[in-house]
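Colleague: Could you take me through this model feature by feature, giving the general idea before the particular case?

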Amino acid sequence: MSSSSSQLTVTDPAARVGERGRQLPLLVLGAESDRHSERGVSCPGELPLPSDPSLVRRADRARAELGDRAFILGHHYQRDEVIRFADVTGDSFKLAREAAARPGAEYVVFCGVHFMAESADILTSPAQRVILPDLAAGCSMADMATYSQVEECWENLEDLGLAETVVPVTYMNSSADIKAFTGRHGGTVCTSSNAKRALEWALGKGSKVLFLPDQHLGRNTAVLELGMSLGDCVVWDPHRPNGGLEPGALRAATMILWRGHCSVHGRFTAANVAAARRRMPDVSVIVHPECVHEVVTAADQVGSTEKIIATIEKAPAGSAWAVGTELNLVQRLAQTYQDKTIVFLDKTVCYCSTMNRIDLPHLVWAMESLATGQVVNQITVDPQTAIEARAALDQMLALP
Ligand code: 13P
Ligand code: SF4
């Protein structure tokens, strides 16, 4: 199959008027036109068919050929068909540390999304190459904070004389440019495993935090873990003049939350929690802190993917859990701990569509290409961005 025919295509009705039947890619993903966005392009070359019965054998063979030259990282939200080939699995914090701890691997194959691969490139040595098997594996949340929007926000804070009191804290789920912005302004990266420590550190340094790009993780951590009130938080909307905020509101706020969210975790509702409790009276509800505040407060427990896994692993046989996080992980938990009842918090099936872009055909294609010496889908961060982003990532890795 050729590179262009390996993409899903759709016939654009507008294009048909002037150019009959012209095929457009279904996912028009930037085509490298916007360096600051999370968008990618589809892969070149021969992509195996998803129904190819020899895929697992091909994956095993390519993996064996690569040996220690490759290290494969798998985020917990990856498909089973991919996760079985991961040398290590983890949440974004664990995977960042694992990538940094493998200086011997020539190739770090990242089965996750674009911002994770960028962080891995920043944390690994220049001789190592980080590969994202499908460049279309972006993140809608990371796309919600572009570099120019964040610069504009900062200029606004400078004009109000507030910038020197503000410490930026960016969630790992952001582009390298946003991490570089954070490093340049003396801030830190955080993940859902260490957001509390990151906020404590930042508020020991300044009196306000600009939290990017997930308003929910910022709010939930500030209110539930640091004892702030909802009134201590304001939301900066990058699509409105001055973020949609009066200067007085910005002066009074401790947390300036960016108006971004996860399209997967943002789907869970307090009504889902109530329905799960009605259906299963003994259920414990555990959700990710990217969920909205009403869901997190209605749940019994909240935690990063690693914490969700550890909690369920330790739970007694016979216990029942409704889990509010990505569906691949919830299904894997249900499969692994069959002595417990584990259900998805929402009744509607919803995977993270970008995490799911990494499938076995793309992984096989990437590994086979590497095994023949052809480096495909390498993720590189330009050196200046990498230096500044690394300062923010190192600050995260050094958090007390
Ligand atoms: P963690 O891996 O930090 O739990 O984040 C979840 C997520 O949404 C990753 O994209
Ligand atoms: Fe982005 Fe949410 Fe998918 Fe994570 S689960 S990659 S935050 S869209």
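Modeller: Let us begin with a helix end: α2 is followed by Gly67, whose phi is positive, near 50 degrees. Helices (H or I, at least four residues) and strands (E, at least two) are DSSP runs, numbered from the N terminus. This is a predicted model, in which local features need pLDDT of at least 70 and side-chain atom pairs count only at pLDDT 80 or more, while totals for chains, interfaces and linings use all residues. Residues are numbered from 1 along each chain as its sequence is written, and chains are lettered from A and ligands numbered from 1 in the order in which they are written.

Colleague: What should helix α2 span, and how far apart are its end C-alpha atoms?

Modeller: The expected span of a helix is 1.5 Å times one less than its number of residues. For the 12 residues of α2 (residues 55–66) that gives 16 Å, and the end C-alpha atoms are 16 Å apart, which agrees.

Colleague: How many helices and strands does the protein chain have, and what percentage of its residues count as buried?

Modeller: A residue is buried if 20 or more other C-beta atoms, placed from the backbone, lie within 10 Å of its own, exposed if 12 or fewer, and partly exposed in between. The protein chain has 17 helices and 15 strands, and 48% of its 400 residues count as buried.

Colleague: Which residues of the largest nonpolar core touch the most other members?

Modeller: In soluble globular proteins, nonpolar side chains tend to be buried together. A nonpolar core is here a set of buried Ala, Val, Leu, Ile, Met, Phe, Trp, Tyr and Cys residues joined through C-beta atoms within 7 Å. The largest one holds 118 residues, among which Val108 and Phe110 touch the most other members. Helix α16 (residues 360–371) supplies the largest share of this core, 7 residues. Contact means C-beta atoms, placed from the backbone, within 7 Å, and, not counting residues up to four places away in sequence, Phe110 touches Leu73, Met116, Ala117, Ala120, Val130, Ile131 and Leu132.

Colleague: Which residues of helix α12 are buried, and where do they lie around its axis?

Modeller: One looks at the arc, which is that of the directions from the helix axis to the C-beta atoms. In α12 (residues 270–279) the buried residues are Asn272, Val273 and Ala276. They fall within an arc of 100 degrees, so they line one face of the helix. The buried residues of α12 pack against β12 (284–287), α13 (293–298) and β14 (320–324), whereas the face turned away from that side carries the exposed residues Ala271, Ala274 and Arg278.

Colleague: Is Tyr77 buried or exposed, and which residues does it contact?

Modeller: Tyr77 lies in the loop between β3 and α3 (80–83), yet it is buried, with 26 other C-beta atoms within 10 Å. Leaving aside neighbours within four places in sequence, Tyr77 is in contact with Glu326, Asn328, Leu329, Cys352 and Met355.

Colleague: How do the shells around ligand 1 and ligand 2 divide by class?

Modeller: A residue is near a molecule if its C-beta atom, placed from the backbone, lies within 6 Å of it. Ala, Val, Leu, Ile, Met, Phe, Trp, Tyr, Cys and Pro count as nonpolar, Asp, Glu, Lys and Arg as charged, and the others, Gly among them, as polar. The shell around ligand 1 divides into 2 nonpolar, 6 polar and 2 charged residues, including Asp91, Asn173 and Glu290. Around ligand 2 there are 8 nonpolar, 4 polar and 1 charged residues, and of these 13 residues Cys139, Met141, Cys262, Val264 and Cys352 come nearest.

Technical notes:
Two residues are in contact if their C-beta atoms, placed from the backbone, lie within 7 Å.
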